[in-house]
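Dear colleague,

I am handing over the structure we talked about, and below it I have written down what was found in it. Please keep the structure open beside the text while you read.

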Amino acid sequence: MSTVKLNAAKSAAKLVPTTGALGLGSGSTVTFFAKELGKIVSTRNADIRVVPSSYQAYQLAIEHRIPLTNLDIDPILELTVDGADEVDKDLNLTKGGGGALLQEKVVASASKKVVIIVDESKLVDRLATRFEIPVEVLPFSLGVVKRKIAEMGILPKIREAQKKMGPVVTDNGNFILDLKFPEPITNPAKVAIDLKMIPGVVETGLFIGMTDEVHVGTEKGSYILKK
Ligand code: 5RP
């Protein structure tokens with residue numbers, strides 16, 4: 001699996017410009033990309049800086065000596081490279097497996113180009129086929145948000161922390177609900193809007209129409225899916 005992730009990351013690294021601000025996504029595949037980016041910064045003497053999409057991404061940037069910036073200094077990003085949990089035929093995504101969906105979406109929205117790096121297991125016909133849809137929720141609103149989601153016929157499950165008692169608390173101090181749909185989603189854009197309309201839902205892990213390219217790593221190399 002690490003070869004596959006590395007191949008996806010290397011493919012995306014070819015798109016890194018010589019200068020500019022980039023978004024750095026989160027997840028295990030992005031760790032391979034961050035390493036490649038670190039090499040580019042040191043060897044090509046590229047004038048690159050990144051907005052990290054999570055504490056994990058922040059630590060990766062530090063580890064690989066990639067200069068940091070933020071969205072106040074750089075509100076327009078040349079490129080964001082991030083992972084995904086599912087990718088459908090229209091390149092819509094489910095993200096948030098690592099709980100970083102809110103900042104990931106903000107960073108993607110600031111980017112001229114969004115490139116997603118995955119392995120083939122992430123490719124599905126319809127979202128919510130294998131992976132539940134995460135939503136980030138304001139803790140104060142948890143009870144009412146759960147009730148409203150259940151009324152939509154969707155099963156909400158609070159994400160429990162590992163090695164800590166109680167719920168996962170995101171980088172933004174919120175909770176995550178993982179939503180189990182009765183069947184894969186046919187209209188993800190509508191579902192994203194319906195969920196986002198619930199007061200207390202801070203953001204959803206449905207990334208609709210945001211992806212420009214998906215770089216799919218394989219054991220032997222990689223290939224690119226485009227809109
Ligand atoms: C974190 C994410 C990740 O990008 C997503 O979970 C994919 O991670 P991985 O590359 O480890 O499979 O959205 O919130």
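Helix α1 (residues 2-13) and helix α2 (residues 28-43) have axes that come within 8 Å of each other and cross at roughly 45 degrees. Here the axes are lines fitted to C-alpha atoms, for helices over the stretch in contact, and the angles run from 0 to 180 degrees between N-to-C directions. The helices (H or I, at least four residues) and the strands (E, at least two) are DSSP runs, numbered from the N terminus.

Before going further, please note that this is a predicted model, in which local features need pLDDT of at least 70 and side-chain atom pairs count only at pLDDT 80 or more, whereas totals for chains, interfaces and linings use all residues. Residues are numbered from 1 along each chain as its sequence is written, and side-chain values use heavy atoms, with hydrogens and water left out.

The two helices

Two packed helices are described by the angle between their axes and the distance between the axes. In this model α1 and α2 are therefore oblique to each other, given that angles under 35 degrees count as roughly parallel, over 145 as roughly antiparallel, 65 to 115 as roughly perpendicular and the rest as oblique. The crossing of α1 past α2 is right-handed, a word used if the near helix is turned clockwise from the far one by less than a right angle, while anticlockwise makes a crossing left-handed. On the α1 side the contact (heavy atoms within 4.5 Å) is made by S2, K5, L6, A9, K10, A12 and A13, and on the α2 side by S28, T29, F32, F33, E36 and I40. Sorted by class, this contact has 7 nonpolar, 3 polar and 3 charged residues, where Ala, Val, Leu, Ile, Met, Phe, Trp, Tyr, Cys and Pro count as nonpolar, Asp, Glu, Lys and Arg as charged, and the others, Gly among them, as polar.

Two of these residues can be followed individually. L6, found in helix α1, is partly exposed with a relative accessible area of 26%; the terms are buried for under 20% relative accessible area, exposed for over 50%, and partly exposed in between (1.4 Å probe, protein chains only). Leaving aside neighbours within four places in sequence, L6 is in contact with F32 and E36. T29, by comparison, has its place in helix α2 and is buried, with a relative accessible area of 5%. Not counting residues up to four places away in sequence, T29 touches K5, A9 and I117.

The salt bridges

Side chains of opposite charge can pair when their charged atoms come close. The structure holds 14 salt bridges, each being a side-chain nitrogen of Lys or Arg within 4 Å of a carboxyl oxygen of Asp or Glu. One of them joins D82 and K95, whose closest N and O atoms are 3.1 Å apart. Because D82 lies in strand β3 (residues 79-82) and K95 in the loop between β5 (93-94) and α4 (101-109), the pair ties together parts that are 13 residues apart in sequence. D82 counts as buried at 3% relative accessibility, and K95 counts as buried at 3% as well. K95 also forms a salt bridge with E104, with the closest N and O atoms 3.1 Å apart, and E104 is buried too. In this way D82, K95 and E104 are linked in a network of salt bridges.

Another salt bridge is the one in which the side chains of E132 and K157 meet (3.2 Å, N to O). This pair links distant parts of the chain, with E132 in the loop between β6 (114-119) and β7 (133-137) and K157 in strand β8 (residues 155-158), 25 residues apart. E132 is partly exposed, with a relative accessible area of 22%, and K157 is partly exposed at 42%.

A buried strand residue

V81 has its place in strand β3 and counts as buried at 1% relative accessibility. Leaving aside neighbours within four places in sequence, V81 is in contact with A12, G23, L24, G25, V30, F33, V115 and I117.
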